[in-house]
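This report describes the side-chain contacts and the chain interface of one structure, which is shown below.

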2 protein chains.
Amino acid sequence: MNWKNEISAAADRIAGYAQVTPVMESHALGLDYPVELKLEQMQHTGSFKARGAFNTLLSMDVPEAGVVAASGGNHGAAAAYAAQTLGYPAKIFVPKLAGPSKIALIEQTGADLSVVSGEYANALTAAQDHEAQTGAMQIHAYDAPGTVAGQGTCFAEWEAQGLQADTVLVAVGGGGLIAGALAWLQGARKVVAVEPETSCALNAALQAGEPVDVSVSGIVANALGARRIGSICFGLAQGMTSVLVSDAAIADAQKRLWQAHRILVEPAGAAALAALTSGAYKPAPGEKVAVLVCGGNISPDPLMG
Amino acid sequence: MNWKNEISAAADRIAGYAQVTPVMESHALGLDYPVELKLEQMQHTGSFKARGAFNTLLSMDVPEAGVVAASGGNHGAAAAYAAQTLGYPAKIFVPKLAGPSKIALIEQTGADLSVVSGEYANALTAAQDHEAQTGAMQIHAYDAPGTVAGQGTCFAEWEAQGLQADTVLVAVGGGGLIAGALAWLQGARKVVAVEPETSCALNAALQAGEPVDVSVSGIVANALGARRIGSICFGLAQGMTSVLVSDAAIADAQKRLWQAHRILVEPAGAAALAALTSGAYKPAPGEKVAVLVCGGNISPDPLMG
């Protein structure tokens, strides 16, 4: 696959549907070097997921049965929002641990929502059953070319906005976002995968030499809690740098973003920064670094109480 | 005064001390036209006030007694932060209605803080007494050339970032920020003053033909609650467009910023947007508009509970 072409085509396709998100350089995060940030939590429905959802829906023939998606919450909200915007019916499956903010986001779109027990993997099974029964089109949360190409537009956009970094840190759940980063950047900049110790499907796969099942828990389970890394991501990730961060480091990075810049994110949105603030990834002298801030759907909603 | 020169000099002076804040264009705020935003709540200490505080301290000889400031909260936090950064002692007076988030921000800097009863005007009287007794240098929250020139850098920066708007909407308390806008833009773009009905010192002054005292209340009293408009602002504001918004319209705009973009601001930070979303200011067909998002120090702190 010519990923550069796919991502460029996706960027053209979703222009006007996805939000161009702002970028900044921070010296205020308690590090002795600056960090470029892209504020992708400001995307529609509060995460980068809207990019892949719109790209999928705008590049495929959607059947009369509409679309179906399984999600820890953010992808479901994005798929439901994109379907609503484009006039398609949507069926969304999420685990209960998606939490009230993400569930409310999905409900607001008018999508047909089912909350299942267990974790993301259980929602995926239910969504696959629904797909088989109804003929609805599955929008996979991370392991589909249209999803990966959509997420890759985030990095194309960032480069057009003047990204300077040698190294870009990206949080990993199922691997759709980082696959997009690897597919677009193709070695021109280093990409570092950041996973919580409590949900580290890519790290485990890189160690095992193949995708393997991992257990999923911790404060980011409703965003990064994929049991197995996506095959597209795994194919692109060979030889890449992968680091792990603790839940405590993630919570600390989350506080730093708020205290330094009034950027309020869900824990997963701070995971990539946590690799820097915890020292899990130490830049070499002079190495310029950037962090993709990926999601802001914190629970409880701070304005809903 | 040659304001363009003053503001350009201020911008050079505060470079590296103030944060360059990001900009974006939103189509997601429930309006049928796009709105450019500058996210100045991401500034150090959560508001534009750091610009004026740094400019003042970097352009004056600070006496041994250090600096003193009176504030509804945001200016005090900025003055305390700038003083801490530059190594000066700071004495800050705020009214109790500054609230726990702003008071905590000031305490974190190590400044000597006094919380007084009443409103901002009472804190100002106490700060003036302290200035007279100790010889400390007063950093006025809005009615001093160094403060206005510092706030003006916000608009110089925005233009350098590609501001397209014909019209820029700015919230007004004592008038330091909008004075900076008027002083920099000098008619090249229209500036619209937005005040809450509950604290409208500029609107009252424009109607009376001179600064007059107003009563101060409502949800933005700890940010826009000046009893009388600053004389610098009043001198620059002749003939300008001034609109009022209700507290309910401000709360609605605050929710829209969060729901559309995960931008969490204090009520005052949403006041300028409220002029658009409430219809208090209706752009002409084709008129391009921009909103300065000015402050994010919401109470309670969403991560402190």
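Is A:Arg256 buried, partly exposed or exposed? With a relative accessible area of 23%, A:Arg256 is partly exposed; buried means under 20% relative accessible area, exposed over 50%, and partly exposed in between (1.4 Å probe, protein chains only).

The model is predicted, so that local features need pLDDT of at least 70 and side-chain atom pairs count only at pLDDT 80 or more, while totals for chains, interfaces and linings use all residues. Residues are numbered from 1 along each chain as its sequence is written, chains are lettered from A and ligands numbered from 1 in the order in which they are written, and side-chain values use heavy atoms, with hydrogens and water left out.

## Salt bridges

Over all chains, 18 salt bridges are found, each being a side-chain nitrogen of Lys or Arg within 4 Å of a carboxyl oxygen of Asp or Glu. Three of them are tabulated here.

| Salt bridge | Closest N and O atoms |
|---|---|
| B:Glu266 and B:Lys102 | 2.5 Å |
| B:Arg228 and B:Asp213 | 2.8 Å |

The salt bridge of B:Glu266 with B:Lys102 has its closest N and O atoms 2.5 Å apart. This pair links distant parts of the chain, 164 residues apart: B:Glu266 is in the loop between α11 (247-261) and α12 (267-277) of chain B, and B:Lys102 is in helix α4 (residues 99-108) of chain B. Both B:Glu266 and B:Lys102 are buried.

Elsewhere, salt bridges that share partners join A:Lys38, A:Glu40, A:Arg51 and A:Glu157 into one network.

## Aromatic rings

The structure holds 8 aromatic pairs over all chains. Rings of Phe, Tyr and Trp (its six-membered ring) pair if their centres lie within 6.5 Å; planes under 30 degrees apart count as stacked, over 60 as edge-to-face and the rest as tilted. One tilted pair is A:Phe155 with A:Trp158, 6.5 Å centre to centre with 35° between the planes. Both residues lie in helix α6 (residues 145-160) of chain A, 3 residues apart. A:Phe155 is buried at 1% relative accessible area, and A:Trp158 is buried at 1% relative accessibility. A:Tyr17, A:Phe54 and A:Tyr81 form one aromatic cluster.

## The interface

The contact (heavy atoms within 4.5 Å) takes 32 residues from chain A and 32 residues from chain B. The size of an interface is often given as the accessible area lost when the parts come together. Chain A and chain B bury about 2,500 Å² between them, 61% of it on carbon and sulfur atoms; buried area is the accessible area (1.4 Å probe) that two parts lose on being put together, summed over both. A:Trp258, A:Arg262 and A:Leu303 supply 30% of the area that chain A buries against chain B, more than any other three residues. Between the two chains there are 0 salt bridges.

Terms used. Helices (H or I, at least four residues) and strands (E, at least two) are DSSP runs, numbered from the N terminus.
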